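Subject: Structure for you to look at

Hello,

Here is the structure I said I would pass on.

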Amino acid sequence: SDERTLVLIKPDAVRRGLVGEIIARFERKGLRIDALVSRTMDAALADEHYAEHVDKAFYPPLKDFMTSGPLVALVLSGDQVIDVVRALVGATDGRKAVAGTIRGDFSLSNRENLAHASDSPDSAKREIALWFPELD
Ligand code: CMP
């Protein structure tokens with residue numbers, strides 16, 4: 001059934017000129033773009049967005065990376081969009097992500113992995129409220 005998810009096209013993708021390539025994949029799949037903005041994460045937003053990771057060893061460099069420049073945040077909708085988008089994005093580590101996925105085709109890193117996508121209905125709801133409070 002119809003759902004919404006939050007995607008962040010990360011600063012590495014913006015720097016590499018891959019924003020259009022990544023959005024095109026979502027569009028060609030048949031997903032709708034309900035909201036889209038270019039924004040630079042600040043430290044407070046990073047800590048909120050990644051609340052479940054703030055105590056992990058990989059978090060300080062992740063925070064530095066995610067706040068290093070503009071990213072593109074979007075809300076996508078469609079049938080089972082949370083799982084569909086995670087499949088399109090691929091596994092966290094770009095070195096292990098399957099070819100044909102966004103990370104599998106364009107990333108060689110488990111940090112600079114081009115895109116974030118909500119991993120469950122609860123996180124989608126929380127992340128959409130955080131990035132797009134004006135969306136109901
Ligand atoms: P993302 O889907 O945005 O969710 C958490 C992010 O943390 C992940 O993508 C990676 O960018 C990063 N990440 C997860 N695990 C590691 C790790 N082991 N080392 C470095 N970065 C990681």
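**K10 and its surroundings**

Setting aside residues up to four places away in sequence, K10 touches M66, L71, L114, A115 and H116. Please keep in mind that this is a predicted model. K10 sits in the loop that links strand 1 to helix 1 (11-15). Is K10 buried or exposed? K10 is buried, because 25 other C-beta atoms lie within 10 Å and the cut-off for buried is 20 or more. K10 is also one of the positions that UniProt, in an unreviewed entry, gives as "binding site"; the others listed there are F58, R86, T92, R103 and N113.

L114 is in the loop between helix 6 (102-106) and strand 4. With 27 C-beta neighbours inside 10 Å, L114 counts as buried. The phi angle of L114 is near 75°, which is a positive value in a residue other than glycine.

H116 belongs to strand 4 (residues 115-117). The unreviewed UniProt entry places the feature "active site" at H116. H116 is partly exposed, with 19 other C-beta atoms within 10 Å. Leaving out neighbours within four places in sequence, H116 is in contact with V7, L8 and K10.

Which residues surround the ligand? They are H53, F58, L62, T92, N110, R111, N113 and H116. Sorted by class, this shell has two nonpolar, five polar and one charged residues. F58, in this shell, lies in the loop between helix 3 (43-49) and helix 4 (59-66). F58 is exposed, with 10 other C-beta atoms within 10 Å.

**The strands**

Strand 1 (residues 2-9) has six buried residues out of eight, so the rest of the structure largely encloses it. Strand 1 runs antiparallel to strand 3 (residues 71-79), and eight bridges join the two. Two of the residue pairs can be found by eye: T5 has L76 as its bridge partner in strand 3, and I9 has V72.

Strand 1 also pairs with strand 4, again in the antiparallel sense, over three bridges. Here V7 stands opposite A117 of strand 4.

Strand 3 has a further partner in strand 2 (residues 32-39), with an antiparallel pairing over seven bridges. In that pairing R39 stands opposite L71.

Q80 has a phi near 50°, a positive value in a residue other than glycine. Q80 counts as exposed, as 12 C-beta neighbours lie inside 10 Å.

In soluble globular proteins, nonpolar side chains tend to be buried together. In this model the largest nonpolar core has 27 residues, and those with the most contacts inside it are L6, V7, I9, L76, V85 and A115. Which elements give two or more residues to this core? They are strand 1, helix 2 (19-29), strand 3, helix 5 (81-89), strand 4 and helix 7 (121-131).

**Outside the core, and the whole span**

For contrast, look at A43, which is in helix 3. A43 is exposed, with 11 other C-beta atoms within 10 Å. A43 touches K63 and T67, again without residues up to four places away in sequence. A43 and A115 are 72 residues apart in sequence, and their C-alpha atoms are 18 Å apart in space.

Lastly, the unreviewed UniProt entry has the annotation "domain: Nucleoside diphosphate kinase-like" over residues 2-136. That span is 41% helix and 21% strand, and its end C-alpha atoms lie 15 Å apart.

Regards

Technical notes
Residues are numbered from 1 along each chain as its sequence is written. This is a predicted model: local features need pLDDT of at least 70, side-chain atom pairs count only at pLDDT 80 or more; totals for chains, interfaces and linings use all residues. A residue is near a molecule or strand if its C-beta atom, placed from the backbone, lies within 6 Å of it. Ala, Val, Leu, Ile, Met, Phe, Trp, Tyr, Cys and Pro count as nonpolar, Asp, Glu, Lys and Arg as charged, and the others, Gly among them, as polar. UniProt positions are given in the numbering used here, feature names are shortened, and annotations may be inferred rather than shown by experiment. Helices (H or I, at least four residues) and strands (E, at least two) are DSSP runs, numbered from the N terminus. Two residues are in contact if their C-beta atoms, placed from the backbone, lie within 7 Å. Two strands pair if DSSP finds at least two bridges between them. A nonpolar core is a set of buried Ala, Val, Leu, Ile, Met, Phe, Trp, Tyr and Cys residues joined through C-beta atoms within 7 Å.
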